Amino acid sequence: MRPASRRVVLKGAAVTAGLAAAGITATGPAHAATGRPGHPASITARLGGTSITLSVVAGALRWSARRGGRTVIGTSGLGLELSDGTVLGNDVRVTGHRHRTHRTTWTPVYGRNATVTDHYQEQSWDLTDRATGIRFGVEVRAYRTGVALRYRLLDDGTATIADELTTFVFPDGTTVYSARDENAYEPVAPGSLPVTGTSTTDNGPLTDLPLTATLADGLIACVCESSRVGYPRLMLGSVAGEPNTLSAFLMEHTARGTGPVETATTVTTPFATPWRAVVIGATHAELVDNAELVLNLAPPNALPDTSWIRPGKVFRCELTTAAGLQGVDFAVARGLEYIEYDAGWYGPEFSTPDATRPIAAIDLPSVISYATSRGIGVFLYVNRLALTDADSLFALYKSWGVRGIKLGFINDGTRTMTDQIIGWARTAATYELLIDMHDDVRPFGYERTCPNWISLEGVRGNEQFPTATHNVTLPFARNIGGPMDYTICYGQSRDKTTNAHQMAMAAVYYQPLNFLFWYDKPSKYNNPANWPGLPWFNAVPVTWDESRTLAGAIGEYIAVARRNGSTWYLGAMTNESSRTLSLPLSFLGSGTWTATVYADGTPGADPYRTPVVVGTRTVTAADTLDVAMAPAGGQAVVLKPG
């Protein structure tokens, strides 16, 4: 076993030993606490039936979380390990206690909803490590939508953090959905994460975030991180001998093993670590609607002017001038906001990392000029190898009239890469450029702070033609953490799903930058009568005034309704099983509504051969819509008043 795995095992062993010394089991209630006279031995933040508790057990820090009286996270470990071996959290004295309740609303530049409510109760302890006198603290918050915690280092100076000792002890019978890099999700017990990694990456029973857990009593929870600044990315690892436990793992390598190994992180103190958030749903559908917890924990918008930030739909062009000009006309005709030149527009991206000059086949000034004249923006792909001077490159693109950049092969993971990613996003903002980051980069709520960072990948993408089961896992897992670039592949013979399933993605997934018609050319759609789904894609927006998840079960099915203005867009998707969902339309306003329904027809020999059948009907808020879906199918519905 490589050192990364040993670190997970040893960390879990230390936590288990501490719990045993206190005379409690891993999932039992905390008791026998110690603290300074006048300070409580445990504190609990509560809101709307959700609670998170901090305890000191035999001098050691512990935490737990509940929803509606049911355990979500049992008694679990807390602490930080410094580079000199000091462990903060094993023997502490409580020196201060604060609590507050906060409620505000704020308006995102774009999002799932036009306004976001930030309502929580917070409890915090100031602590002293008895052995060293180091002062630190822990903050916990309870929201109606979940819980969160973070550490604070209080002394002035610097500190070098080698490890984080947070554990997550789930109830018996929990299944977690584990995925790393661009692998498919694998449902396993918490203690049975597959061993992943290579000789040049973090290696062990590790999973990326977001990590979703389904509990035996029906609750569902998704572990995410938010407000990661100046800190490595968090993974979770299984703990040997502890079948219900996952342990924090701070990445030491980049996700794909490029760049220096960083076994510790030096921070200037006072310092607050990123938030460790657990989004919680009483139902699977509720979990999807609670995803804005990640944004509420992130720093507010830092850009003085966001008027230039425009979410939208994108079409990727082939690498010629003619294809770019045709792409602009196609974008205008199909209601898209952007075209993009992807890898290769400046030559081989690895052997010729010079992104300042297009290949001879592309007259880029002519394409940009034509696009601008027709109200279409241009995105350019840039491999990170060409980002040796991002300030100079982004300034050049601004002078060309480029509107956005898709960054490729971003190797997230270490603290250095966290700083680099944030630096690229902030530099791009100074030149009014949107950013879409690709490959194994994971969300941490920073699209709130720097909203020009409009999308990211960090998922097994739709361009790999995954299963329908994978597609109906994502709304409850990866998409909880933040926006997701998923490249809708409508009408592709390599799809393992129906066309209606692909259409529904535009409403089901939160994608403020939505690449459509992936792998296609405009000429494919010269006869629109052959493609009945086109009007849906013409109309469907990417940012929303209101979102409601109507039904869902991870890996099985999902139905989401989203409103933009007075029109609702409903998307439903199923796994490889056909099913009919009965969806109450009580979210509609008064009066009658016209429903334009794009449904699966008679199933074909392969899912992609299943035709799209279009129909209309009049409905009211008192009606129930029966949504019939073929195997690997879906349905897309536009609901307009009148």
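I looked up helix α4 (residues 321-334) and helix α5 (residues 364-373) and found them packed at an angle of about 10°, with their axes 9 Å apart. That makes α4 roughly parallel to α5 (angles under 35 degrees count as such).

I noted that the model is predicted, with pLDDT of at least 70 needed for local features and 80 or more for side-chain atom pairs, while totals for chains, interfaces and linings use all residues. Residues are numbered from 1 along each chain as its sequence is written, and side-chain values use heavy atoms, without hydrogens and water.

Next I listed the contact (heavy atoms within 4.5 Å). From α4, T321, G324, L325, V328 and D329 meet S366, V367, Y370 and A371 of α5. I sorted the residues of this contact into five nonpolar, three polar and one charged, with Gly counted as polar.

Then I checked burial in α5. L364, V367, I368 and A371 are buried (under 20% relative accessible area, 1.4 Å probe, protein chains only). Seen down the axis of α5, these buried residues fall within an arc of 95°, so they line one face of the helix. The arc is taken from the directions from the helix axis to the C-beta atoms. They pack against α4, β22 (338-341), β23 (377-383) and α6 (390-400). On the other side of α5, I found P365 and S373 exposed (over 50%). After α5 comes G375, with a positive phi near 75°.

Last, I turned to strand β25 (residues 434-437). L434 and D436 point one way, I435 and M437 the other, and all are buried. Strand β24 (residues 404-408) runs parallel to β25, joined by four bridges. L407 has M437 in β25 as its bridge partner.

Technical notes
Axes are lines fitted to C-alpha atoms, for helices over the stretch in contact, and angles run from 0 to 180 degrees between N-to-C directions. Helices (H or I, at least four residues) and strands (E, at least two) are DSSP runs, numbered from the N terminus. Angles under 35 degrees count as roughly parallel, over 145 as roughly antiparallel, 65 to 115 as roughly perpendicular and the rest as oblique. Two strands pair if DSSP finds at least two bridges between them.
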